[in-house]
Amino acid sequence: MDGYWPPPLNVLQTMGSDADAYVEGWVVSDRGLVFEHAWLEMDGEIVDPTLYEHPARHYVAGPRWTYTDAIALLRTEDQLPRHAQAVL
């Protein structure tokens, strides 16, 4: 795993089932750049451990995984991001 995928999964392990979902999708930065990204959702709010100092202007969610399903992702050898595989 590299890029933006590990931080949310690492934080998910720390938060435990308090997190509602692990989400993969895209963000629009304050400079207008669009890139793949992952974050957590908790009580309807975005928790972004990667862009906490410079929050994204807009988040576009792809697939979401529950806490249990996201932890199962950690135990697989599948490549992240998973959204490309979920869409196919």
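## Reading the model together

Modeller: Gladly! Keep in mind that this is a predicted model.

Colleague: Thanks. Which residue forms a salt bridge with Glu 41?

Modeller: The general idea is that side chains of opposite charge can pair when their charged atoms come close. Here the partner of Glu 41 is Arg 64, with the closest N and O atoms 3.0 Å apart. Arg 64 counts as partly exposed, at 47% relative accessibility. The structure holds one salt bridge, by the way.

Colleague: How many aromatic pairs are there?

Modeller: A pair of aromatic rings is described by the distance of the centres and the angle of the planes. The count here comes to two aromatic pairs. Tyr 22 and Trp 65 form a tilted one, 5.9 Å centre to centre with 35 degrees between the planes. That pair links distant parts of the chain, Tyr 22 being in strand S1 (residues 21–28) and Trp 65 in strand S4, 43 residues apart. Both Tyr 22 and Trp 65 are buried. As for Trp 39 and Tyr 59, their ring centres are 4.9 Å apart and their planes stand at 70 degrees, so this pair is edge-to-face. Trp 39 belongs to strand S2 and Tyr 59 to strand S4, 20 residues apart. Trp 39 and Tyr 59 are both buried.

Colleague: In what order do the four strands form the sheet?

Modeller: Strands of a sheet pair through backbone hydrogen bonds, either parallel or antiparallel. In this model the order is S3-S2-S1-S4, an open sheet with antiparallel pairing. S3 (45–47) and S4 stand at the edges with a single partner strand each, so one side of each has no neighbour in the sheet. From one strand to the next, the twist averages 45 degrees. Three bridges join S2 to S3, and Leu 40 has Val 47 in S3 as its bridge partner. Helix H2 packs on the sheet, touching S1 and S4, and its direction makes about 85 degrees with that of S4.

Colleague: Which residues of helix H2 are buried?

Modeller: In an α-helix, there are 3.6 residues a turn, so residues three or four places apart point the same way. In H2 (residues 67–74), the buried residues are Ala 70, Ile 71 and Leu 73. Looking down the axis of H2, these buried residues fall within an arc of 150 degrees, so they line one face of the helix.

Methods
Residues are numbered from 1 along each chain as its sequence is written. This is a predicted model: local features need pLDDT of at least 70, side-chain atom pairs count only at pLDDT 80 or more; totals for chains, interfaces and linings use all residues. Side-chain values use heavy atoms; hydrogens and water are left out. A salt bridge is a side-chain nitrogen of Lys or Arg within 4 Å of a carboxyl oxygen of Asp or Glu. Buried means under 20% relative accessible area, exposed over 50%, partly exposed in between (1.4 Å probe, protein chains only). Rings of Phe, Tyr and Trp (its six-membered ring) pair if their centres lie within 6.5 Å; planes under 30 degrees apart count as stacked, over 60 as edge-to-face and the rest as tilted. Helices (H or I, at least four residues) and strands (E, at least two) are DSSP runs, numbered from the N terminus. The arc is that of the directions from the helix axis to the C-beta atoms. Two strands pair if DSSP finds at least two bridges between them. Axes are lines fitted to C-alpha atoms, for helices over the stretch in contact, and angles run from 0 to 180 degrees between N-to-C directions. Contact means heavy atoms within 4.5 Å.
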